[in-house]
Each structure stands twice: as C-alpha cells, then as structure tokens.
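Here are a few exercises to work through with the model open beside you. Try each task before reading its solution.

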Amino acid sequence: MAQPFMKKDDDLDDEAEYSPFLGIEKWAALQEARVFNDPQLDPRRCCQVITKLLYLLNQGETFTKTESTEVFFAVTKLFQSIDLGLRRMVYLMIKELSPCADEVIIVTSSLMKDMNSKTDMYRANSIRVLCRITDGTLLTQIERYLKQAIVDKNPVVASAALVSGIHLLQTNPEIVKRWSNEVQEAMQSRVALVQFHALALLHQIRLNDRLAVSKLVTSLTKGTVRSPLAQCLLIRYISQVICDSAGNTPPGERPFYDYLDSCLRRGGEMVNFEAARAITELNGVTNQELTPAITVLQYFLLSSNPVKKFAAIRTLNKVAMTHPMAVTSCNIEMESLISDQNRSIATLAITTLLKTGNESSIDRLMKQITNFMSEIADEFKIVVVEAIRSLCMKFPLKYRSLMNFLSNILREEGGFEYKKAIADSIVILIRDMPDAKESGLLHLCEFIEDCEFTYLSTQILHFLGIEGPTTADPSKYIRYIYNRVHLENATVRASAVSTLAKFGAMVDSLKPRIFVLLRRCLFDADDEVRDRATLYMNTLGADGAVVETGGDASEFLFKSLDVPLVNLETSLKNYEPSDKHFDISSVPKEVKVKPLAEKKAPSKKPTGLGAPRRGPTSTGTVDAYERLLSSIPEFSSFGKLFKSSSPVELTEAETEYAVTVVKHIFDHHVVFQYNCTNTIPEQFLENVTVIVDASEAEEFSEVASKPLRSLPYDSPGQTFVAFEKPEGVPAAGKFSNILRFIVKEVDPSTGETDDDGVDDEYQLEELEVVAADYMQKVGVSNFLNAWENMNPDSERIDEYGLGQRESLADAVNAVINLLGMQPCEGTGVVPSNSRSHACLLSGVFIGNVKVLVRLSFGIDGQKEVAMKLAVRSDDESISNAIHEIVASG
Amino acid sequence: MEKCPSVKSILLLDSEGKRVAVKYYSDDWPTNAAKEAFEKDVFTKTQKTNARTEAEIAMFENNMVVYKFVQDLHFFVTGGEDENELILATVLQGFFDAVGLLLRGNVDKREALENLDLILLCLDEIVDGGIILETDATVIAGKVASHSIDAGAPLSEQTISQALATAREHLTRSLLK
C-alpha cells in the first residue's frame, strides 16, 4: 500500500484539519514532477508526485497548455519503469491530461507494447487509455489488437476492449461495426460483465437496423443471459422493440410479455424491478398485465432498504396516474410509509394514496397528512398541495374538507412557492366549483390579512375584484380590502384601491360607501395610490351626476389591456407633452421582430420529485383555447367551445413553413386555427391568411377569417378561418388549404426588414372534419350502472359486417377511432387470439348529449368481422346519428 | 448510450461537503463551478439524513442520488431520473465496500487522503465513461491492490491471489464487526 506523503506528526495527528495535501501549491507540485526525469527512477516517489498532481486536478485546478505538455512529456519517461503500481498511475495521469494528437504519437508505441504484454492488467488498462486518447487514423493501426482483446480469455481485458468499443462507436462507427463477429463471440462468455458489455456494444452496432435488433432480442430471450446488468439491458431493449412494433403485431398479442413476466421472478431484485417498471410503462397496459408487476413492487415496499422502497413507490406513483385501481392493492403498505424517515418516500406514498383512495378514505387520509405536513420541506409540500388539488377535481363533494385543509396550511409558515401553490389551488377550486366560491374567497381574505408576499397579495386582491362583486353578499369583503389600504405597502394599497373600484362599478348599492373609502385614499402618501383613487372616482361618477355605471367604466375596469406592454412603453417614451392627448389606439399591436441574437436558450425541463405533472393538462389547453377564441371579436358570438382537436400537421417536417391546424367545434360553427411557424431566418411574412376551398364540404360556408398581421422568424403565430354549419348534425367534409402571404427579406445579422414585399403562396395538405370531431371522450367509472340509468327507449341496435380485417384488434380500433369515444373499463384492448370481443364506449356528443355504446365483435376463419352496435343516449335522434356514422364510415 | 445503465457522477465528499475525490461522466456539468454547485446541492440536501446503516436515496432536478455515509466521509453515486435505482445502489455498494477493503476498515477522510492513489484507481476500475465496469467490491479492490505491490517484487499469479485473499479477509472482518 502506498505510504503517507508526510511523516506522521503527533501534533498534527490530533488536529482535525490534517490533510497530506495541506498547503500544496500547483507550482511546487509541477516543480516536483522533475523527478520523472531522473536517471535512477524512484517509483514510490514518482507515484506520490503523480497523486499530488491528480489531487490538484481533482480539486478543480487547471494546467495551462505549456504546463500540461511539460507534465505529459515527463510522465512518458516513466514507461521505463517496470513498477506495476507506477504504471497504473501513469495511465491515470495520461487520461486526465487528455493529450493532443502530436503528443498521443509519443506514447502510442509504449501503450501498444503494453497491449501485447503478458500481464493482463497492462493489456486491459493500456487498451482503455489508448482508446480514450486515440483518433481515427491511429485506430486502424490498433484495430487488429482490439479485435483480439474482445475475445481474450481474461474477462478484464475483454471488458476493457468492449467498453472502449462502445465509446469509440460514437466517433468512429464504421471501424467498430467491423468487429461484429468478435463481439458476438464475447456474448457467449461465461463471465457476467463481459456478457453485459458485449450486449451493449452489439445493440449499439445494430441500433439503426430495427429488424436486426428485433432478431437479437428474440434470440436472447430464448438463450441464457446470466448477468443481472445484461438482463436489465435486455429488458430495456425489449421495451423499445415492443414500442416500435406497436400497431403491427398480431391481434391483442403482446410480444415478449411472457419474458418480462418471467424476469419478475428471477435474476435478482435489480432485474425484478427493471421488469416491473418496464411492464408498467407498456403502451396501453391492461390491468391483467399489470397485476404481477404490482405484486413485485408491493413486496419491495415491505423492504427495510430505502432505495428499494423509493424505487417501488416512485413507480407505483406513476402507475396511479393512469391506473389508480391497479395500485389500490398496495394501499396498506403505502399507508405505513407515510411515516417513513425518508421524506421523498413519505411524500410519494401520500400522493399515490391520494390518487388511489376512494371518497370514503379521504377524511382519514387528510387527518394523517395534517400531522405530517409540518415535518417536510416546502418542495414536498407543493407536491402534496398539487395532489390535493387534483383530488378535489375528482371528488367535488369532498371540497369542504379539502378546502379546509388548504386554508389551514395557508395559515402556517411557508415560503413563497409553497404559499403560491396553495393560493393557486384555492383560486382554481373557486373557478371550477361554484359551491366553493364563498368559503374560498373568505379564506383568501383571511390570508391577505397576514401575508408577507406583495405579489400574492396583489394577485388575490385582483381576483377578489373579479369574483367578489358577484357573490351573494359582496359587502362582507369590503372590510378586508379596505384594511389593506391602511396596513400595507404602496403596491398592495394601489391594487386594493382598484379592487374597491371594481366593487363600486358592479354593485350599485355599495357605491356610496365605496366613494367614501376612495375619498379617504386621496390623502395617501403614495402617488400611484392617489392617482388611482382620483381616476376611479371620476370614471365611476363620484360627483353624483351619473348614477348608473356606464359600460365604458366597467369595460375600463375589467377588460385586459389589448396592446403589448413593450409597445405601450416605447410609445409613452416617444410622446412629447403637448396639447394633443396621448392616444392609446395609436400604439401598435404587433410585436416587433427580435434580433436573432436574443433567441432564448432552451429552458431546462422543470421537474420535482419525479412526479410528472401531467395532471389536468388537457382541460388546461381547452381553457387556453377558449380564452384565445373569445378574445377575438369575430368569434365571440359563437357561444361555448365544445371541443378542440389536437393539432394536425398540414406540412411535412422541416419545410419552410410549419403549419398545424386545430379544429374548434362550436354548436353552429367550426373554427380552424392555423398555427404557423416561419423557419426561414431571412424572411419576414406579412398578412398571412389561409385560403380554404370548401367545395368538398357542402354543409359548411365560410363566415369569417382573421389574418395574421406579421410572422417573424421562429415566433409562431395564428390565423383563423370560421365556418358556419347546421346545428346538431355531425357535418363532415374535406377542406383544401393554401397559405397566402407577403414575403419580405430580412438581414439576419441586423434584423432589418426590406420594405418591399412579394405576394406568395404555399400549398398545404388537406384537412378533414369527421364525425369523431363532434364527440368528446368522456369516460364513466361504472359503465353498467350508467347504461342501466339511461332511458331504454333511446336504445338503437343494429348489426354490421365490417368486411375482411387484418385482425380483431384492428377492427375494434377502427370503430373506436371512427366514433372518437372513450373506451371504458379497459375494453379498448383486445386479448390475444380471441375470436370475439365486447367493447364499452362512452362520450358526450355535440349539444352536451351523453352517449353510451356497447359493441360486440366476432371474427371468423376468413377474417371477416361482424359487429353488433347498441347505443343509448339522452336523445333518440343522436342514437340514430351514431348508427349513421358507423353505416357511412 | 441512452439505453445503457449509466452513472453520471461518483462523489466522495467530506463532512463539510469538500471534495475528497470526484469523477464526472456526463456533460451536464461543463465547468468546475457547475460541478461545485452540484456537489454543494447534493451535500446540503442529504446532510441531515441518516445514511449510515443503509444506503439512502434522494431525487432533485432530474438527478437521482444514492448515498451512504461513514465517519466523516460521504459517498454518492448519481444518475439520470430514469435510471434503475437498484443499479445505482449496487454501484454505490461496490464503491463503498471496495474503499473499505482498500483502507483496511479504517474508513475516514484522513485515511482516504493518505491513500488517495488507491481511491482514484478504485474509481477508475468501477466506471469507465459512465459505463459500469465492475460492481463486486472484492474484485474491484483486488484489481486496485494488485497494482500497489512494492517495486521490484516479481509479479506472479501468486501475489495477486495473495492480495485478493487479504482483501477477502478484510471484507469478512468488516462484515462481522
């Protein structure tokens, strides 16, 4: 073993800070490196010096180019020594210095000599060093040795060559690919890790050949892969193959599932877990497939080892997002984890329970969480708050206890992000649940009484101004708001004044009292507060002349500013005081082109604690669409948005202009939203419209279109076209589209735009409106109950022949996609090799008509598929319409 | 590489979060400042936990961190958020036990710094460029120990097996403790 670098000193011994490297300096260490040049080498001394240099590098010290060259040349001298330990340190040093090409040549011959040495350790390590520093030209010289090394009978040498191969494949794929035969031979090795490294390399070599990968995986599942790491690797490849082959596999059959299933029980815990995780992540996994994997994870939950518990609960947490019922069997184990010492485990357990629990267990769970909240860090608390928010959406009846919980934790200590998460949750609950409004608003009022965050106070005051006036008794909020005017900083005071004005504008009975309060604000110390008060007094007519609040006043108070703030700022700066008033309508509404240099770096993916916040994103986008559309005056009269499709691409990837379309369905109208992106930095587009030819869509007539004023490079914009259609009928049709615009040249370096533009057109792909666009996918939890509760008179039954089909699953999917409905209770998946299948669908048809469908399929020897379709809905005519869709599809 | 089980970094820090030896295998931390910030983050977030009897685990900002403490040394192995937790734990255990063997059971900061060459060689034998080379502590320690035989001593199979024997003996002793 190596000796200490300093003589042990008794005094130093007692000192806690003692380190052999204390006070070491770079220049001194570099100076010491001269011993490498001594004719009589002292291996031990050399080892110590190298360790010192490595220590410096490890601490973050850097060597200049000359310094590292000098050290490198000195180190090469050490190849003269036959000391094994020293040689090993020399290898490390060379790797750390990462020499340039000229320098590599110096050591190549020494390293090649070691590669052919009789000592296994020399061979293995020199391979790794040489492959690390080599380039393509040198590689051809040593290729022969590397191929030999791959099949070397010493496992360390073989592994070294294989791992080096994996790294080299990134830079010199054509050379490494020639080693395929040797790698395959290494696959047969008895040594576990050699097998693992060989498998990794072999897969990398064949990565771009799907068929070869599939073959490799198939043969390996039959053979014996011994190494646990290799088995984990194999499981990952299998998942990839399953994912790639989705759609073209035999009916309902899941290839390789049996192998994954067998891995749940052999090969050690590492492999068991990898297999369980792979199964839970399968596309469209069924409850039946999940059960054995869940059982394995359940067993892990009982372990005393934190890592195993964490791994299992994290996976279960993900499963619970899509298959909460499958995870309920672990509820008991998870409840015992709530008090786990590792807070990540406890938080994951509780959020999983919130997803799997039923309505009756909520109260008990909330009680447990209350005890546990005070002990965990803010970032975990936020995860819990988010879980509770989605729980509240799921069980609206329980809003009272959940709201109480939120208000309780709102009163306790916590940082900004945490408080913001709670306040946001309450706001969302108030918005989505009318019953929760009164109590929620009062909780928020109480919160701002003692809130240390200006941002949150102003946000809540603003929200109060919008929601408060429409409650049963608006007067009770006034006190809370006016208290802010007394006790807070200027920013909060100003927004409290605005909120008061909103109450005054909306509630006539309160107006006189509001004026009294506003008048007091006229003596505030802050300019902004005084200005606002004066302004609102005037708009609301405090002089007593106007009694009714005019439309202008409330529009001024409630409407958001429709000009970009940046533009308003520049316009105001350019305004010179004169007799002419500043006119807000003169502010341009288009956003200017930003110079290319300002392009934002891709932001880092934010995640916390591994729980992907998928949550209610779908409702989120619908909300966003609804807001977007209602803000466009042409479309504001269309009523409530029924459904928005997911974006459909109308251009190929990587074309000049990328366009996707979203179909928005209203009762009487359809709006196409074309999302356009200009991918050419040298172009600036203006007046972008889509010319739609609806000659193949007879029931539609164009009523409005909204062009896009400008489309700068890489900042997406939208243009809209609206059509009228008959109400209630699932009108279908085909539309062909042409993108029309004026193109102007841009100098990408300065961002300046040429003044002259040219008219141009760009052909887009066709788009179709189909019956499924009029159907919302809405599931029901208990299909049979829902079915029984529907009026049996509305039932329509008929039989159809679907003709020859590839498979039963193919036919089932086709019908589901045609109707655009939600398969219930896992019936969307057809079990393997079955000859018949029953499928339950649920949805909401345009006009908010609930529709339930029962399908029975049968397939015969000639692959002829027959189907029986039974529909029940709230409206008989819709039941008929569903049959028409199937008959015409 | 995306599919292969991989390690992003191995850190050996002292009880104040200072580096004893660290090794990064990923470009996620391009500068020394980024590395130090990461180490500080890892250290402070795990500091209060008790990872002395069994390895513990934490996750933050897309990094999975498994760790174990002994005396004034903190051992960490980190990987991506999609990595199999048990694989990382196996690597950690291999590293932890191998260091125990190489330092003959006296695992503390001082001993580690005095034998820094062994620690660095040990890291080199566990992971190569993110790919796991070996996880068995006795094999790792055996490979490292076989290098540090005194100069001039003839290398023969026997000395290697002797080194392995001592290594095993130490492992058993540390297990019995």
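Contact here means heavy atoms within 4.5 Å. The model is predicted: local features need pLDDT of at least 70, side-chain atom pairs count only at pLDDT 80 or more, and totals for chains, interfaces and linings use all residues. Residues are numbered from 1 along each chain as its sequence is written, chains are lettered from A in the order in which they are written, and side-chain values use heavy atoms, with hydrogens and water left out.

**Exercise 1.** Describe the interface of chain B and chain A.

Step 1: start with the residues. On chain B, 63 residues are in contact with 73 residues of chain A.

Step 2: turn to area. Buried area is the accessible area (1.4 Å probe) that two parts lose on being put together, summed over both. For these chains it is about 6000 Å², and carbon and sulfur atoms give 55% of that.

Step 3: look for charged pairs. A salt bridge is a side-chain nitrogen of Lys or Arg within 4 Å of a carboxyl oxygen of Asp or Glu. The rule finds 10 of them across the interface. One joins Arg88(A) and Glu125(B), at 2.6 Å from N to O.

Step 4: find the element of chain B that contributes most. Helices (H or I, at least four residues) and strands (E, at least two) are DSSP runs, numbered from the N terminus. H4(B) gives the most to the side that touches chain A, with seven residues.

**Exercise 2.** Check the length of helix H4 (residues 65-76) of chain A, then find its buried residues.

Step 1: the expected span is 1.5 Å times one less than the number of residues. With 12 residues, H4(A) should therefore span 16 Å; its end C-alpha atoms are 17 Å apart, which agrees.

Step 2: take buried as under 20% relative accessible area, exposed as over 50% and partly exposed as in between (1.4 Å probe, protein chains only). The buried residues of H4(A) include Val71(A), Phe72(A) and Val75(A).

Step 3: the cover over these buried residues includes helices H2 (26-32), H3 (43-58), H5 (84-97) and H6 (101-115) of chain A.
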